[in-house]
Amino acid sequence: MKILYISKNYSIHDYQFLSALAGTYHDVYFVRLVGSSSFEKPVPISIKQVYVKTAVVGELRPYHLIYLLPEIDEIISTVKPDLIQAGDLLSGAFLATTDTIMENIPVISMSWGRDILYDAAQSTLSSWIVKQSLLGSDALICDCQTIEKAAVGFMDYIPDDFFIRIPWGVDLDK
């Protein structure tokens, strides 16, 4: 199975997911939307990195998404994934769900917490982006019931199997 993993940046959570995926028989591709990361561990060697030409320098803002969408479309067309795992809701998930509406590729979105609990309340546009990400998702990975409750506030109907709760815990190495 081909899995396309799209993330705003590269963090301990991305490393944990990608390390777990690297230990499977799946063909995994990783797209990072922001050009640099302060996280020090390397991307697992079996993960194929795909680079966007217009990687954002600094903080990713909603207006950057319009520039990234054609590149994500091209990457999805090239990779032809069977599944997309993408986050956060304000970036990777939005790009994935917007691009795959007509392509019938399942999208598992990831919330990092701040995207739905704080950022969505900062502007009407951010709230709309979170809602569209959730509506286009086949499932949502989150770390607690608080995120699930926040997601319910954005959607009229949620299937019973929509939430995948994975308690991240603490990075004990730091």
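Which residues lie nearest the centre of the largest pocket? They are Lys 8, Glu 59, Asp 88, Arg 114 and Asp 119. The views below show a predicted model, in which local features need pLDDT of at least 70, side-chain atom pairs count only at pLDDT 80 or more, and totals for chains, interfaces and linings use all residues. Residues are numbered from 1 along each chain as its sequence is written, and side-chain values use heavy atoms, with hydrogens and water left out.

**View 1. The largest pocket and its lining.** The lining comprises 24 residues. A pocket is an open set of points on a 1 Å grid over the protein atoms alone, with protein on both sides within 12 Å along at least five of seven lines; lining residues have an atom within 4 Å of a point. The space in the largest pocket is about 610 Å³. Volume here is the space filled by probe spheres set on the points, and grid points are joined across faces, edges and corners. By class, the lining has 9 charged, 8 polar and 7 nonpolar residues. Asp, Glu, Lys and Arg count as charged; Ala, Val, Leu, Ile, Met, Phe, Trp, Tyr, Cys and Pro count as nonpolar; the others, Gly among them, are polar. Helices α1 (12–22) and α4 (114–117) each supply at least two lining residues. Helices (H or I, at least four residues) and strands (E, at least two) are DSSP runs, numbered from the N terminus.

**View 2. Salt bridges among residues at the pocket centre.** Arg 114 and Asp 119 both lie among the residues nearest the centre of the largest pocket. Their side chains meet in a salt bridge, N to O 3.1 Å. The term requires a side-chain nitrogen of Lys or Arg within 4 Å of a carboxyl oxygen of Asp or Glu. Asp 119 is buried, at 16% relative accessibility. Buried means under 20% relative accessible area, exposed over 50%, and partly exposed in between (1.4 Å probe, protein chains only). Glu 59 also belongs to the central group. Its side chain forms a salt bridge with that of Arg 61 (3.4 Å, N to O). Glu 59 is exposed at 52%, and Arg 61 is partly exposed at 40%.

View 3. The whole structure holds 6 salt bridges. One of them joins the side chains of Asp 27 and Lys 48, N to O 2.3 Å. Asp 27 sits in β2 (residues 27–34) and Lys 48 in β3 (residues 48–56), so the pair ties together parts that are 21 residues apart in sequence. Asp 27 is partly exposed, at 24% relative accessible area. Lys 48 is partly exposed too, at 36%.

View 4. The search of the whole structure finds 1 cavity of 30 Å³ or more. A cavity is a set of grid points where a 1.4 Å probe fits but cannot get out. The volume of the largest cavity is about 40 Å³. Phe 30, Arg 32, Gln 49, Val 50 and Tyr 51 line the space. Strands β2 and β3 each supply at least two of the lining residues. The most come from β3, with 3 residues. The classes are 3 nonpolar, 1 polar and 1 charged.

**View 5. Strand β5 and its parallel partners.** Both faces of β5 (residues 107–110) are covered. Val 107 and Ser 109 are buried on one side, Ile 108 and Met 110 on the other. Strand β4 (residues 83–87) runs parallel to β5, joined by 4 bridges. Strands pair if DSSP finds at least two bridges between them. Strand β6 (residues 139–142) also pairs with β5 in the parallel sense, over 3 bridges. Met 110 is the bridge partner of Gly 87 in β4. In β6, the bridge partner of Met 110 is Ile 141.

**View 6. Two backbone features.** The peptide bond from Gly 87 to Asp 88 is cis, with omega near -5°. Asp 88 lies in the loop between β4 and α3 (92–99). Lys 80 is not a glycine, yet has a positive phi of about 55°. Lys 80 lies in the loop between α2 (65–79) and β4, and is exposed at 57%.
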